[in-house]
Amino acid sequence: MHLNTAPAREMLATYYQSRVVDPYALTDLDDFFWPHTRWWTLEGDEPGVMAAVFLINGLHSMPILYAVAPQDDALTLNLLRLIEPELPAGLFGLLPPNTADVMPHYHFSDVSMMLRMQLERRPTDHSGIVSVGPAQQHIIEAFLATAYTEDEADIRLFESYMLERWPHVACIEDGEIVSFGGTHVLTHQYAAAGIGNIVTQPGKRGGGRASRVTEALCARLWRLGIRHIGLNVAESNTHARRCYDRLGFVEKLRFIECSLTR
């Protein structure tokens, strides 16, 4: 096995476009994200089998360690064991489920079991869903502050640069946002995006608004040439999983989201 501490972007792009399709990894190869990332790879014994891990620093309140394993959990865990001494003291992680076994110097907290889902059919737009942008930022932030229930508060991720750069949509009733969805990451170069913050006011749930918001957002990304669209959802959120399944999303892998400190 060979550890590469500075893999070439071109090699990573080929891997994530041909061997495994990972919208989130592809977006972090984009010119916007690449300068904020550090990558490591570990080649397996079989040709074409590789684990890749990267650290995102400078865009969020704390570094993000991305190590979801589309090919081989064991190889990814081995890679994490090798690079653990080089990692910061505090992290937010997207990791294989058994990562705690190979990173004994870290304390894992707020652990959630997640699923990666990817869209596998062409989406349909909905005329009743409107695009929103920086001009509505204060309204969106006010909506997000109240739309999540207490159990959901830790899954919110919203940064102003996301709203400034990439599509966001909303369902508006009586002049107020009642459902919302946005783009977390996007690359035109690799035709990939990850979506999130798909949420409806608690009192308005159950009417299909989140489904329409999600599909409309995907349709607008599709019109931009984006063909690899992914999202992350809690494994326990069976209602949302059924919604995404009906829209053509397919479950690809399991991982954990968590905070790490040492």
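Two strands count as paired if DSSP finds at least two bridges between them. The legends below describe a predicted model.

Figure 1. Strands β9 and β10 run antiparallel and are joined by 7 bridges. On the other pairing, β8 (residues 168-173) and β9 (residues 176-187) are antiparallel over 6 bridges. His-168 is placed opposite Gly-182 in β9. Of the 12 residues of β9, 11 are buried, and the strand is mostly covered.

**Figure 2. Turns of the two hairpins.** The hairpin of β8 and β9 has 2 residues between the strands, and Asp-174 there takes a positive phi near 55°. In the hairpin formed by β9 and β10, 4 residues lie between the strands. Ala-191, in the turn of that hairpin, has a positive phi of about 55°.

**Figure 3. Buried residues of helix α3.** In helix α3 (residues 73-83), the buried residues are Leu-75, Thr-76, Leu-77, Asn-78, Leu-79, Leu-80 and Ile-83. The elements that cover these residues include β1, β2, β3, β4 (64-66) and β5 (90-95).

Figure 4. A disulfide is a covalent bond between the sulfur atoms of two cysteines. A search of the whole structure finds 0 disulfides. Cys-218 is in no disulfide, and the nearest cysteine sulfur to its own is that of Cys-243, 10 Å away. Cys-243 is likewise in no disulfide, with the sulfur of Cys-218 as the nearest cysteine sulfur. The cut-off for a disulfide is a pair of cysteine sulfur atoms within 2.5 Å. Cys-218 is buried, with a relative accessible area of 1%. Cys-243 is buried too, at 7%.

Figure 5. The structure holds 12 aromatic pairs. The rings of Tyr-15 and Tyr-16 have centres 4.9 Å apart and planes at 70°, so this pair is edge-to-face. Tyr-15 is buried, with a relative accessible area of 7%, and Tyr-16 is buried at 2%. For Tyr-161 and Trp-166 the ring centres are 5.9 Å apart and the planes are at 85°, so that pair is also edge-to-face. Both Tyr-161 and Trp-166 are buried. Ring pairs link Tyr-15 and Tyr-16 into a cluster with Trp-34, Trp-39, Phe-54 and Tyr-66.

**Figure 6. An arginine over a ring.** Arg-165 lies over the face of Phe-32. The distance from Arg-165 to the ring centre is 3.9 Å.

How values were computed:
Residues are numbered from 1 along each chain as its sequence is written. This is a predicted model: local features need pLDDT of at least 70, side-chain atom pairs count only at pLDDT 80 or more; totals for chains, interfaces and linings use all residues. Side-chain values use heavy atoms; hydrogens and water are left out. Buried means under 20% relative accessible area, exposed over 50%, partly exposed in between (1.4 Å probe, protein chains only). Rings of Phe, Tyr and Trp (its six-membered ring) pair if their centres lie within 6.5 Å; planes under 30 degrees apart count as stacked, over 60 as edge-to-face and the rest as tilted. A charge sits over a ring if NZ of Lys or CZ of Arg is within 6 Å of the ring centre and within 35 degrees of the ring normal. Contact means heavy atoms within 4.5 Å.
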